Amino acid sequence: MDDTPSSNDLFLFLASTAHDMKNSISVLSGTLETLLADASPRTEAAYPQMAHMLYQTKRLNDNLIQLLALYKQVGKPEYPFQMEPLEITHLVEQVVAAGRVLLKSKGITLEADFEPDLVWHFDEDLIVGVVGHAINNAINYTGDKIRLSIAKLDGGLEIRVEDNGRGYPAAMLEAGASAMNGISSGVNFLTNSTGLGLYFSSEVAKMHKHRSRSGSLRLENGGKYGGGCFVLNLP
Amino acid sequence: MSVSNPFDSAPASSIQNVKWVEKNYLVIDDFVGVRQLLRESLRNLGAKNIDQAASGGEAIALLTRVRYDVVLCDYNLGEGKNGQQVLEEARLNGLLLPSSVWLMVSAEKSVESVMGAAEHQSDAYLIKPITEGVLLTRLNRVWHKKQVFKEIDQAYMEKDYLRAAKLCDAQIELNKVHEIELLRMKALLLLKSGEPDKARETYERVLQERDYQWAQTGLAKIRMANGEFEQARQIFQGVIAENRYYIDAYDQLALAYQNMGQPEEACNVLERAAKLSPNSVARQRSLGQVSLKLGNVGMAEKAFRKCIAIGEYSVMKTPDAYLGLARVCGMKNEPKEALQLLMTAQREFSGDQIGLRAKITEGMVYHESGDFRRARKAGDELEEMLNANAERPDTATCMEMATLMFAVGVKEAPAELLCYVIKNNHDNSMLLDDVKKIFDKARMGDEGDALIKASKKEASDLMNQGVLLWKTGKLGEAVEWMRHARAKLPDNLRILFNAAQILLSHLQQLGYEEALAAEANEVLLHVDRVAPGHQRFAQLMEQLARLNPAATAAAAAALVADSEIDPA
């Protein structure tokens, strides 16, 4: 992280106001969801614009969650990590419910593929946040389909968010790799919020440790739909 | 398995499964927009009866009048009580049903809320924004978990810890998903039952699966209880190195250092913990007391003042911080402020022999500030108070009082007090050594030895007579004798346990009697207050519960009812 005094001041400002802003954004996104749930493109001329407003509101909220989690205390990117056993069904349920209105308003189908009886150990709030963020991101880049698949792989858990869009550009694939390697100099968080999201997600992945292994994140193109793939591995 | 569009299933149907519709809801948030939003979400899920509160005070007023099934409470409520304090007050004052669901809501995850060793945890912690889907998922999950833990919680509340531990095993067989949580509960129950070896096995079983910090901390607590302080210290430090927000490990590490005779280290650890999580009454009190012992007046003052400030809105507040701060004032040669604090303490707290404790502190303040005339006067007043009331405070307070009274020149009352302590702890050799030291310091070594000997004999005579009556089958007389023994020595563990044992024999051999069972229960609960975590306590509690014919029938009926409403 850039540790110059000016960046610390900025994060102090963001962290202290983010808390207050979250209340307003909660109300805003809640209201939009209610409006959209009761409307359809036929009854409401501004339906697509409203859907886009909801997408942007969710992005704002994601950014605030990330800032709060990473910069709760000035210059100390740490967080009270809490690992618990959770049924994967409950993870999927929450992520799907969070994206429901936005997906419907954009006409995108979400396919979820997972073993219902699977139980895994992780920080629920962080992983719901990361996967929700990945789906939100995919909504912006996909054609009309998103696939969330969760399965055991080599003794770990693999969570994949795949879309049928054009796939990640080379620069993004590179940003994904550097976020994981801890090289953040190439990404300017203040102008590139995708970079912030990736940085946050890779930090979350790394926080998950079991014995000698820790979590990881990568971006790739391909998957079942041939589009972009966000792949999170948890030990 | 592939689930396409699982979000098409209407959420309203699943909430109806749980019959949440006709339940009572309370939403607590200081921000009106959030209250309205949460109310809307609950309405969309089918809820009808939704009350709202804008502050902790308002919430308590509503909770006092209405038994809510679901409470959604924001952690940060602005001025006044915070969400955790509202929860603690509601639980401690019995404003919640055992089935009530408490969901704590916050904009961020705070160390205090999730890492605290808080005794009263909410059922779930939700981070804003709260969407209907998340709310429903969590509500359902908490409900299912409450079903799994229902009987265990009931046995826990009745302090039948061994039965509760067995119920955990039974539930693990039925609910693999909750295995880790059930094992955590089982280990806790085994510790409360005085079965540390079995608790250790349980923690080790968890650790084979995952390195849960609470399980590591649990193992270290057992080692500490065994006197293996250095090994315990290493584990606690390892946990902190892995997760510097795991606050329980700090509190335990400080205890380990205190046990190892390193109060400076204990103080450092508590100071670090108090920085990470400053809003704990208990932690600030410990920090204040350790600092006071070390003579670090500045740190003690800061901790006690903080403790009083946090306690203002909390039911967890205790007079200790006021008494401690009064001592600090005495050391700073400000006896006036000290007296002021002692008056406040007596005004704000009732019971717990607060008058006596305030007077002891007053004597210490004068003694430490060199006002020997007033110190002696406080000692004489304490003697009068002891003469006026036959009831005696806990052992630690008795020892403190005796030390002070000797120091200011009172002779008879403190010697009597120490005899009382010995009679109530006649087989606790460590405590007897401490008592001997107090006599020695008062230059009463020989007299003290004689008194200790006589007191020990009096206690064992009282006990042996009861055992003799019991062994010769005179159960009625034995019960009567033990009542007499208990009246004389109300805190003697051996006598209390034997009294309970004899009552149980009476119930077993001469038939079940409600009044005798209640008496045995009362004796055992008193033991658990004086010295928690005794193996014999748990065993006798379990035997007592088994003897009750009504409870056995009710348990069988409950089992049938449960299997009928068991969730899919």
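Analyst: Two strands pair if DSSP finds at least two bridges between them. Helices (H or I, at least four residues) and strands (E, at least two) are DSSP runs, numbered from the N terminus. This is a predicted model, in which local features need pLDDT of at least 70 and side-chain atom pairs count only at pLDDT 80 or more, while totals for chains, interfaces and linings use all residues. Residues are numbered from 1 along each chain as its sequence is written, and chains are lettered from A and ligands numbered from 1 in the order in which they are written.

User: In β5(B), which residue is the bridge partner of B:Val71?

Analyst: B:Trp102 is the partner. The two strands, β4 (residues 70-74) and β5 (residues 101-106) of chain B, run in the parallel sense and share five bridges.

User: What is the strand order in the open sheet of chain B?

Analyst: The five strands are ordered β3-β2-β4-β5-β6, with parallel pairing. At the edges stand β3 (49-53) and β6 (124-127) of chain B; each has a single partner strand, so one side of each lacks a neighbour in the sheet. On average, neighbouring strands are turned by 20 degrees against each other, direction ignored.

User: How many helices and strands does chain B have?

Analyst: Chain B has 28 helices and six strands. Its radius of gyration (over C-alpha atoms) is set against a globule rule of 2.2 Å times the number of residues to the power 0.38. Chain B has a value of 27 Å, close to the 24 Å that the rule gives for 568 residues, so the chain is as compact as a globular protein of that length. Along the principal axes, its C-alpha atoms fill a box of roughly 85 × 65 × 45 Å.

User: At what angle do α23 and α24 of chain B pack?

Analyst: Axes are lines fitted to C-alpha atoms, for helices over the stretch in contact, and angles run from 0 to 180 degrees between N-to-C directions. Helices α23 (residues 445-471) and α24 (residues 475-488) of chain B pack at about 165 degrees, their axes 8 Å apart. That makes α23(B) roughly antiparallel (over 145 degrees) to α24(B). Contact means C-beta atoms, placed from the backbone, within 7 Å. Among the contact residues are B:Leu462 and B:Trp470 of α23(B), and B:Trp481 and B:Met482 of α24(B).

User: How many residues does each chain give to the contact between chain B and chain A?

Analyst: Chain B gives 32 residues and chain A gives 36. Elements of chain B that give two or more residues are β1 (2-4), α2 (32-44), α5 (111-115) and α6 (132-157). The largest share of the chain B side, five residues, comes from α6(B).

Conventions. Angles under 35 degrees count as roughly parallel, over 145 as roughly antiparallel, 65 to 115 as roughly perpendicular and the rest as oblique. Two residues are in contact if their C-beta atoms, placed from the backbone, lie within 7 Å.
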